[in-house]
Amino acid sequence: MYKDFGDPYRHPPRTATTTLAQLSSIECDVLDVDQYFAACEPFRLSSVSHPFWRDWLLAEPSEFLTSESLHEWHRQFWDHDVRWCKQALRAAELDFRFSIIPRITEFHDHKDALIENGFRRGEKTKHVLKHWHIPKLELMQSVIPSVERVGSILQWSADTTEHAHIEVIKDPASTTNNHNYDSQICRCLDRYEKCRLFDTALALHGSTTESIPVPPVGQDADGNDSDTYDGDECRNLLDDIWTPKRKVTNFFNVATQLLAALPGSVPRPPRTFIAGSTAIHVNYDPSLKHIPIDTVAEQFGLPDLHGALGDYLNREGNVAQNFHTFGGQRRSPPDVHLPFKELDVWYKVRLQQKTYHDSSEITPTFTVHAHPPDRSLKYGRYDAAIMNIDDHWQWPSSGLQGHTVVQVCLIMCPAAPRGSNGINHFSSHFLMYAQRFDIVPQGNSSVERTTGLHVLKRATHASGSELGEIFPLDQLRSYAHIVPRFGRKADNRLTSDNCIHSSQSFFLNRYFDKDFFYATS
């Protein structure tokens with residue numbers, strides 16, 4: 001049956017009846033491993049002589065054993081796709097592209113070309129293969145039917161089982177002399193366990209003798225008679241030993257506490273605040289403090305910064321507006337008068353959101369950098385982000401509708417004049433200088449067909465200069481990961497440091513985070 005693999009059709013599953021009949025037809029001794037493996041090979045059996053489900057009445061393993069993503073998808077990629085790409089692109093070109101940033105490709109659009117050009121070869125013989133008889137490819141067609149039949153995605157994550165396989169099999173096996181694996185692995189695991197128990201006993205002993213008061217027998221800590229001793233201290237200590245040490249900071253709670261703080265007890269503007277469904281946090285102290293505007297413009301490579309601030313203030317007026325959008329040509333001259341002369345600058349901002357399907361659960365934070373060039377970063381580091389430009393649409397439920405992709409080039413706050421007390425209107429808001437990316441339509445679709453990703457290009461003025469404006473920082477909604485679009489061949493002058501700076505066309509990578517994927521799908 002496996003010789004039919006490679007076509008776009010899902011073939012019938014191997015049933016329990018068929019498997020058990022094939023196993024019963026094998027007459028050689030099961031303990032003779034080499035002979036038994038050879039007897040199983042014509043049936044393409046896994047060499048397990050007594051399946052655990054063999055005596056389960058009406059059990060059908062092709063239904064209750066669902067697909068497992070690690071080996072069907074991950075190993076499919078490394079065992080097959082990568083090898084074909086090496087044959088087609090050559091290893092040096094493929095390594096170069098991965099050294100810059102990975103690119104996603106689609107198999108089915110090009111599988112005929114792989115055969116025609118002889119890129120599919122046998123692992124041992126290296127001969128050209130003219131077929132796609134690969135079980136992993138066939139099994140991938142069972143994903144949707146399996147989910148529909150079982151009702152849950154039981155094994156789409158192999159983290160637990162694969163981690164156990166590494167700890168219990170792979171790591172101990174690496175300590176052996178490649179003989180008598182079973183006994184050596186068991187001996188290794190036994191010693192690992194003894195070491196862990198010894199470490200735990202030492203930790204418990206040291207803690208109980210130093211910090212946990214032991215009450216008299218039959219009396220608890222409150223002086224009341226008791227037959228048992230409350231072991232909460234020991235349980236807490238064990239939790240401290242075995243649980244992760246670093247917890248995710250809930251910036252939503254921090255922002256709520258700052259709003260309720262007494263006037264004058266926290267800095268203004270607050271360093272943590274909530275905008276829409278996003279919590280935004282900047283460091284207490286700026287990275288650069290009281291820097292002249294012209295110096296900032298030169299350091300960050302933003303020659304129109306002065307005029308952009310003038311345009312922002314003209315749109316802002318005397319009352320702060322909730323949302324700003326990209327305008328047309330710059331209206332303010334480079335020497336426009338501003339009510340402030342200096343800026344406080346931050347090199348990064350942290351964004352935290354709620355999970356897409358459960359608003360009560362927070363996600364880890366993503367950091368958006370806006371770091372100028374220095375000795376370690378020749379071109380600086382300016383990350384992409386999703387910015388809200390229409391308050392009728394809310395991230396993430398609206399997706400990209402009412403939002404745009406931008407590159408954050410500067411995070412700042414106008415500095416109050418030296419010697420002044422309090423905060424004026426202009427120094428009460430965090431601002432950012434952002435440059436826009438335009439989404440390039442792909443025929444009748446908004447995404448490229450082969451990757452399923454939006455294609456971006458840098459937006460420019462009619463003069464050819466990049467389109468950038470000043471916005472309130474609270475219009476940021478999410479970190480965005482962009483990938484350079486290399487074309488047929490990557491420019492050999494690109495590096496991981498300059499690929500974002502030197503490229504004009506990008507993919508918006510929605511696969512880097514599952515909540516971002518849900519929002520942009």
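This dialogue works through how to read several features of a predicted model.

Student: What should I keep in mind about numbering and confidence before I start?

Tutor: Residues are numbered from 1 along each chain as its sequence is written, and the model is predicted, with local features needing pLDDT of at least 70 and side-chain atom pairs counting only at pLDDT 80 or more, while totals for chains, interfaces and linings use all residues. Side-chain values use heavy atoms, with hydrogens and water left out.

Student: How many helices and strands are there in the protein?

Tutor: Helices (H or I, at least four residues) and strands (E, at least two) are DSSP runs, numbered from the N terminus, and the protein has 16 helices and 14 strands. Of its 521 residues, 38% count as buried, where buried means under 20% relative accessible area, exposed over 50%, and partly exposed in between, with a 1.4 Å probe and protein chains only.

Student: In what order do the strands of the open sheet lie?

Tutor: Strands of a sheet pair through backbone hydrogen bonds, either parallel or antiparallel. Two strands are taken as paired if DSSP finds at least two bridges between them; here 5 strands form an open sheet in the order β1-β2-β5-β6-β7, with antiparallel pairing. Its edge strands, each pairing on one side only, are β1 (272-275) and β7 (381-382). Between β1 and β2 (residues 278-281), which run antiparallel, there are 4 bridges, and Ala275 stands opposite Thr278 in β2.

Student: Which helix lies across β1, β2 and β5, and at what angle to β1?

Tutor: Axes are lines fitted to C-alpha atoms, for helices over the stretch in contact, and angles run from 0 to 180 degrees between N-to-C directions; contact means heavy atoms within 4.5 Å. Helix α12 (residues 251-259) lies across β1, β2 and β5 (348-353), running at about 105° to β1. In α12, Phe251, Phe252 and Ala255 are buried. Seen down the axis of α12, these buried residues fall within an arc of 110°, so they line one face of the helix, the arc being that of the directions from the helix axis to the C-beta atoms. The buried residues of α12 pack against β1, β2 and β5. At the start of α12, a side-chain oxygen of Asn250 reaches to within 3.0 Å of the backbone nitrogen of Phe252.

Student: Which residues of α1 are buried, and which exposed ones does the opposite face carry?

Tutor: In helix α1 (residues 16-24), the buried residues are Ala16, Thr19, Gln22 and Leu23. They cover an arc of only 135° around the axis, which puts them on the same side of α1. The face turned away from that buried side carries the exposed residues Thr17 and Ser24. Ser24 counts as exposed because its relative accessible area is 57%.

Student: Which way do the residues of β4 point?

Tutor: In a regular strand the side chains alternate between the two faces of the sheet. In β4, Glu342, Asp344 and Trp346 point one way and Leu343 and Val345 the other way, and all are buried; accordingly, strand β4 (residues 342-346) is mostly covered, with 5 of its 5 residues buried. Strand β3 (residues 288-292) is joined to β4 by 3 bridges in the antiparallel sense, and Leu288 stands opposite Val345. With strand β9 (residues 403-414), β4 pairs antiparallel over 4 bridges, and the bridge partner of Asp344 in β9 is Cys413.

Student: Is Thr176, in its loop, buried or exposed?

Tutor: Thr176 lies in the loop between α9 (159-173) and α10 (181-210), and it counts as buried because its relative accessibility is 14%. For its polar contacts, the criterion is a pair of N or O atoms within 3.5 Å; within protein, one must be able to donate a hydrogen and the other to accept it, and residues adjacent in sequence count only if both atoms are side-chain atoms. The side chain of Thr176 reaches the backbone oxygen of Ala173 at 2.7 Å, while the backbone nitrogen of Asn178 lies 3.2 Å from a polar atom of the Thr176 side chain.

Student: What does Arg510 touch, apart from residues up to four places away in sequence?

Tutor: Arg510, in the loop between β14 (505-509) and α16 (514-520), touches Gly452, Leu453, Phe516, Phe517, Thr520 and Ser521, with residues up to four places away not counted. The side chain of Arg510 reaches the backbone oxygen of Gly452 at 3.1 Å.
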